[in-house]
Amino acid sequence: MPNPKHSQLYAFSILVRKEIADHIRSWKFIILLAIIGLTCVASLYTALSALKNTAPAPNDPDAAFFFLKIFTTSDGTMPSFHLFVGFLGPLLGICLGFDAVNAEFNGRTLGRILSQPIHRDYFLNAKFIGALSVIASLFVALILFTVGAATLLVGFPPSWAECNRLMLFTLLTVVYIAFWLNLSILFSVRFRHTATSALVAIAIWLFFTVFYPIILNIVAKSLQPNTYASEAEIMQYQHAMLTLMRFAPSQLYSDGTNMLLMPSIRSLGPLHMEQLQGAIPSPLPLWESIKVAWSQMVALIACTIICFAASYYFFMRKEIRCP
Amino acid sequence: MEGDKMTEPIIRVRQLTKKYGDFTAVNDLNLEIAQGEVFGLLGPNGAGKSTTILMLLGLSEPTAGEITVCGIDPVRSPLAVKRLVGYLPDNIGFYEHWTALENLLLTAQLNGLSRTAGRKRAFALLAKVGLQDVAEKKVGKFSRGMRQRLGLADSLIKEPKVLILDEPTLGLDPMGVKDFTALILQLSREEKLTVLLSSHQLYQVQQICDRVGLFIQGKLVADGPIQDLAARLFQDEKRYIQLQVDPADTERTHQILTRMEAIDTVEQNGDRFQIHTDKTPVQQLLKLLVEQAINIVQLQQRSYGIEDIYTHYFEGGTRHA
């Protein structure tokens with residue numbers, strides 16, 4: 001061992017490599033990969049065929065962003081790409097993280113790895129980095145594949161603006177899935193049984209995708225101002241509902257992707273008539289779009305970091321003594 | 001205690017205490033292990049052996065006390081200690097769907113060996129523990145004994161100075177235990193290792209330990225070579241000679257024994273005699289009996305040994321002396 005610093009980095013890269021190898025060899029990942037791959041390809045195919053047959057309307061401000069439309073359009077038979085990712089992405093994250101620590105603990109391999117000369121946090125960091133790089137390469141490949149196929153099909157390349165937006169969209173998707181990954185890693189540190197951690201993570205996912213909208217509907221009914229309510233009251237109600245909705249991570253993600261993929265959107269909340277007056281129906285520059293959904297994106301990143309910090313804290317204090 | 005051997009201890013533990021809430025797992029432990037020694041940490045389940053081992057490795061923090069392993073404090077620099085100490089936990093875990101070689105290679109690489117160097121070393125060690133034929137087989141298909149052998153190879157891959165084995169013989173059949181302890185002894189002599197092994201199976205490890213420490217309820221009751229240990233623990237107890245003769249000779253034997261002055265008391269039970277004496281050597285008694293043409297079935301000098309340690313501390317669990 002020539003240089004301890006160097007050998008530490010080497011050991012960390014070995015751990016990350018082991019994680020990646022484990023993921024891509026595991027059946028659960030292969031099955032989910034197949035599901036995500038097939039649904040995404042199908043939704044992209046329907047989007048492409050829908051776009052091929054309908055010429056953009058002359059007053060459509062998004063007409064110049066053909067490559068962005070691929071990810072948001074659908075012909076009605078299938079949800080669009082970004083909705084699919086919003087729905088299945090969490091499952092992928094949970095699948096990669098729910099047994100990260102407790103499976104190794106129960107298999108007694110945790111003690112063996114930690115009795116090697118590596119820092120204790122390397123283990124957890126490698127779990128995170130390994131899964132994250134699998135997710136990132138998966139989505140980068142999927143989006144590049146789509147853009148490439150579309151370029152071949154239509155015969156012109158994407159513009160710089162589109163490339164930048166797609167890059168940020170990929171980044172946002174990875175962050176969103178990383179949030180679910182970290183949440184499930186947190187549960188895998190806290191719960192001893194893999195089944196418990198998987199079920200808890202899936203329960204939270206189900207709660208936010210199925211039950212949370214139902215609860216919001218009930219709340220909305222009770223809060224709904226009557227038809228003769230003042231404009232201020234209606235605005236207040238709308239803002240309150242939007243705030244409640246944004247407690248769901250999927251809402252944060254869909255706000256962010258909508259802003260990135262539909263450059264003509266100017267606000268995610270309600271707008272006054274006078275705010276719209278005199279506005280030219282043109283797309284926003286990238287930076288302006290980002291500013292609209294800035295708080296949502298920051299919230300998503302913050303949630304991801306909080307989950308990771310919590311799992312880090314619990315992992316460092318965990319007794320590694322075997323059951 | 002053994003002054004000259006203790007000049008340069010490789011493991012030194014002073015007033016080590018570990019508490020889990022109200023429960024004291026290790027209580028004021030003092031221990032010194034010299035270089036090249038095979039030390040057995042013996043004690044019943046739950047005596048705090050594994051906890052002590054985890055603290056030696058820096059995997060668990062002591063509540064109080066000092067540890068040095070090879071002159072390094074594992075609390076302050078666990079990495080340096082882990083580089084020098086090979087650890088085989090009880091029931092070691094391997095990645096079941098990986099081959100034996102891949103499992104060893106991971107450990108080798110985590111210790112900073114390159115892929116090629118790691119492979120070479122892994123193959124060499126697999127040959128040493130007798131698993132060279134199954135190097136490419138998945139560990140999931142291994143038997144208990146094979147896993148322990150693989151575990152030994154795994155803990156030796158970093159070329160450690162100290163080898164710590166936690167219940168290495170647990171779950172092995174008698175033949176397996178014999179092979180495995182022989183292997184440990186052979187490897188430790190070849191690689192000039194200091195070995196610390198913990199066990200609750202006194203009989204199985206006594207043959208290979210130079211010295212043992214008896215660990216009961218978090219406290220080290222005694223330490224030293226195992227025969228001395230018994231003598232020291234039971235020094236107040238009297239020795240006795242057990243004699244069994246041909247049933248036809250019992251009457252005569254009784255007469256001879258009662259005539260001998262050196263004998264304190266004789267207890268008779270059919271053809272068996274229990275002779276309490278501090279002075280008469282067993283040879284003298286034997287000579288006398290043979291001269292009188294008594295048919296001896298069995299003659300045994302009973303001294304307190306490990307069996308008595310075992311019954312006193314492991315089975316009964318009562319504190320003695």
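Pairing, packing and burial

Guide: In this predicted model, strand 8 (residues 211–216) of chain B runs antiparallel to strand 9 of chain B, and 5 bridges join them.

Visitor: What makes strand 8 and strand 9 of chain B a pair?

Guide: Two strands pair if at least two bridges are found between them, and here there are 5 bridges. Strand 8 and strand 9 of chain B therefore pair. One of the contacts along them places Leu214(B) as the bridge partner of Ala222(B) in strand 9.

Visitor: Why is strand 9 of chain B called an edge strand?

Guide: The sheet is open, with 6 strands of chain B in the order 5-6-7-3-8-9 and mixed pairing. Strand 5 (85–88) and strand 9 (219–224) of chain B each pair on one side only, and these are the edge strands. Neighbouring strands in the sheet are turned by 15° against each other on average, direction ignored. Helix 8 (residues 226–233) of chain B packs on the sheet and touches strand 8 and strand 9, its direction making about 120° with that of strand 9.

Visitor: Why are helix 2 and helix 4 of chain A called roughly antiparallel?

Guide: The axes of helix 2 (residues 27–53) and helix 4 (residues 81–97) of chain A come within 10 Å and cross at roughly 175°. Angles over 145 degrees count as roughly antiparallel, so helix 2 and helix 4 of chain A are given that description. Residues that meet there include Leu32(A) and Ile36(A) in helix 2, and Phe84(A) and Leu88(A) in helix 4. The contact divides into 14 nonpolar, 2 polar and 1 charged residues.

Visitor: How do you know which helix supplies the largest share of the side of chain B that touches chain A?

Guide: In that interface, 21 residues of chain B are in contact with 21 residues of chain A. Helix 1 (49–56), helix 2 (78–84) and helix 3 (100–110) of chain B each supply at least two residues of chain B's side. The largest share, 4 residues, comes from helix 3 of chain B. That side of chain B divides into 11 nonpolar, 8 polar and 2 charged residues.

Visitor: What makes Ile164(B) stand out in the largest nonpolar core?

Guide: The core has 143 residues, and Ile135(A), Ala153(B) and Ile164(B) touch the most other members. Helix 8 (residues 160–190) of chain A gives the largest share of this core, 16 residues. Leaving aside neighbours within four places in sequence, Ile164(B) is in contact with residues including Ile53(B), Leu57(B), Val85(B), Tyr87(B) and Leu196(B). Another core, of 8 residues, lies apart from the largest one; among its members are Ile241(B), Val245(B), Phe273(B) and Leu289(B).

Visitor: Why do the side chains of strand 12 of chain B alternate?

Guide: In a regular strand the side chains alternate between the two faces of the sheet. Along strand 12 (residues 272–276) of chain B, Phe273(B) and Ile275(B) point to one face and are buried.

Conventions
Residues numbered from 1 in each chain as written. Chains lettered and ligands numbered in written order. Predicted model: local features only at pLDDT ≥ 70, side-chain atom pairs only at ≥ 80, totals over all residues. Axes fitted to C-alpha atoms, helices over the stretch in contact; angles between N-to-C directions. Contact = placed C-beta atoms within 7 Å. Nonpolar A, V, L, I, M, F, W, Y, C, P; charged D, E, K, R; others polar. Parallel < 35°, antiparallel > 145°, perpendicular 65-115°, else oblique. Core = buried A, V, L, I, M, F, W, Y, C linked by C-beta atoms within 7 Å. Buried ≥ 20, exposed ≤ 12 C-beta atoms within 10 Å, placed from the backbone.
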